[in-house]
Amino acid sequence: MFLTPGSLPFEKLWDMFFRGNEGRFSVYIHASKEKPVHVSPYFLNREIHSSPVTWGAFSMVDAERRLLAYALKDPDNQHFVLLSDSFVDPGPHGNGRYSTRMLPEVEEKDFRKGAQWFTMRRQHALLVMADSLYYSRFRDYCRPFADGKNCIADEHYLPTFFNLVDPGGIANWSVTRVDWSERKWHPKSYRAQDVTEIVFSLNLWNGHMKLEVIFNGNFGQYSFSC
């Protein structure tokens with residue numbers, strides 16, 4: 001599921017990622033500002049009925065739910081990816097955004113933060129679409145600059161929701177590409193000149209996904225439960 005203002009800048013890369021796995025995935029696109037121009041057949045006529053989206057506003061959560069609603073119409077769709085995870089952030093841009101007006105349903109100890117992206121199973125997608133209690137709390141009290149706090153709902157709603165309703169059913173960690181060259185974990189940004197070779201190999205089997213990557217001659221293998 002792709003949440004985008006318009007065309008996807010890395011559509012050619014996604015085309016390579018999906019190639020060879022036809023019939024094992026579905027694509028859904030929420031383009032909030034303009035109709036995308038596609039270069040990959042996998043993305044043709046995959047736009048859903050979109051709504052306006054403002055960065056940081058609750059409309060981003062509504063767009064996520066709209067994508068899930070369309071994807072859930074197909075019973076063959078069992079795993080949903082917009083790419084993210086959840087973690088505790090005690091700083092001003094994490095739990096510092098919590099509002100006591102979310103009480104009693106959401107306590108500060110249960111408040112979580114995550115990136116826009118996520119991956120979830122069908123059972124969790126159904127829980128999201130059924131939720132109105134926590135949805136309304138975040139809609140009303142997690143807004144940019146509400147109560148003097150810059151609460152961004154799409155970074156907090158789903159991580160907090162799953163921490164409350166199914167804490168044992170989520171991974172509860174954040175995943176990112178990091179640089180280990182200095183023997184410590186920290187995010188690494190790459191520029192075009194840093195990439196000399198990149199090769200993807202994707203295998204799907206029995207509810208698991210294995211991604212093999214060759215990046216500048218270094219081999220990496222990542223497995224995910226679906």
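Which residues in H4 meet His156, Tyr157, Thr160, Phe161, Leu164 and Val165 in H5? They are Tyr134, Tyr135 and Phe138. Contact here means heavy atoms within 4.5 Å. This is a predicted model, where local features need pLDDT of at least 70, side-chain atom pairs count only at pLDDT 80 or more, and totals for chains, interfaces and linings use all residues. Residues are numbered from 1 along each chain as its sequence is written, and side-chain values use heavy atoms, with hydrogens and water left out.

**Overall make-up**

- The protein has five helices and seven strands. Both are DSSP runs, numbered from the N terminus: helices are H or I with at least four residues, strands are E with at least two.
- Read from the N terminus, the order of elements is β-α-β-α-β-β-α-α-α-β-β-β.
- Of the 226 residues in the protein, 40% are buried. Buried means under 20% relative accessible area, exposed means over 50%, and partly exposed lies in between (1.4 Å probe, protein chains only).
- Take the contacts between residues at least 6 apart in sequence: 62% of them join residues at least 24 apart.

**Helices H4 and H5**

- Two packed helices are described by the angle between their axes and the distance between the axes.
- Helix H4 covers residues 133-141, and its axis comes within 11 Å of the H5 axis. The two cross at roughly 145°. Axes are lines fitted to C-alpha atoms, for helices over the stretch in contact, and angles run from 0 to 180 degrees between N-to-C directions.
- H4 and H5 make a right-handed crossing. A crossing is right-handed if the near helix is turned clockwise from the far one by less than a right angle, and left-handed if anticlockwise.
- The contact of H4 with H5 holds seven nonpolar, two polar and no charged residues. Nonpolar covers Ala, Val, Leu, Ile, Met, Phe, Trp, Tyr, Cys and Pro; charged covers Asp, Glu, Lys and Arg; the others, Gly among them, are polar.

**Thr160, a residue of H5**

- Thr160 sits in helix H5, which spans residues 153-165.
- Thr160 is buried, with a relative accessible area of 0%.
- Not counting residues up to four places away in sequence, Thr160 touches Val106, Asp110, Phe111, Arg112 and Phe138.

**Helices H2 and H3**

- Helix H2 (residues 59-72) and helix H3 (residues 122-130) have axes that come within 10 Å and cross at roughly 125°.
- H2 and H3 are therefore oblique to each other. Under 35 degrees counts as roughly parallel, over 145 as roughly antiparallel, 65 to 115 as roughly perpendicular, and the rest as oblique.
- The crossing of H2 and H3 is left-handed.
- Arg65, Leu68, Ala69 and Leu72 are the H2 residues that meet Arg122, Ala125, Leu126, Val128 and Met129 in H3.
- That contact of H2 with H3 has seven nonpolar, no polar and two charged residues.

**The disulfide**

- The count is one disulfide, defined as a pair of cysteine sulfur atoms within 2.5 Å.
- Cys142 and Cys151 form the disulfide, with sulfur atoms 2.0 Å apart.
- The torsion about their S-S bond is about -80°, so the disulfide is left-handed.
- Cys142 is buried at a relative accessible area of 0%. Cys151 is buried too, at 1%.

**Val39, a loop residue**

- Val39 lies in the loop between strand E2 (29-31) and H2.
- Val39 is exposed, with a relative accessible area of 55%.
- Leaving aside neighbours within four places in sequence, Val39 is in contact with Glu11 and Lys12.
- Val39 and Asp15 are 24 residues apart in sequence and 8.6 Å apart in space, C-alpha to C-alpha.
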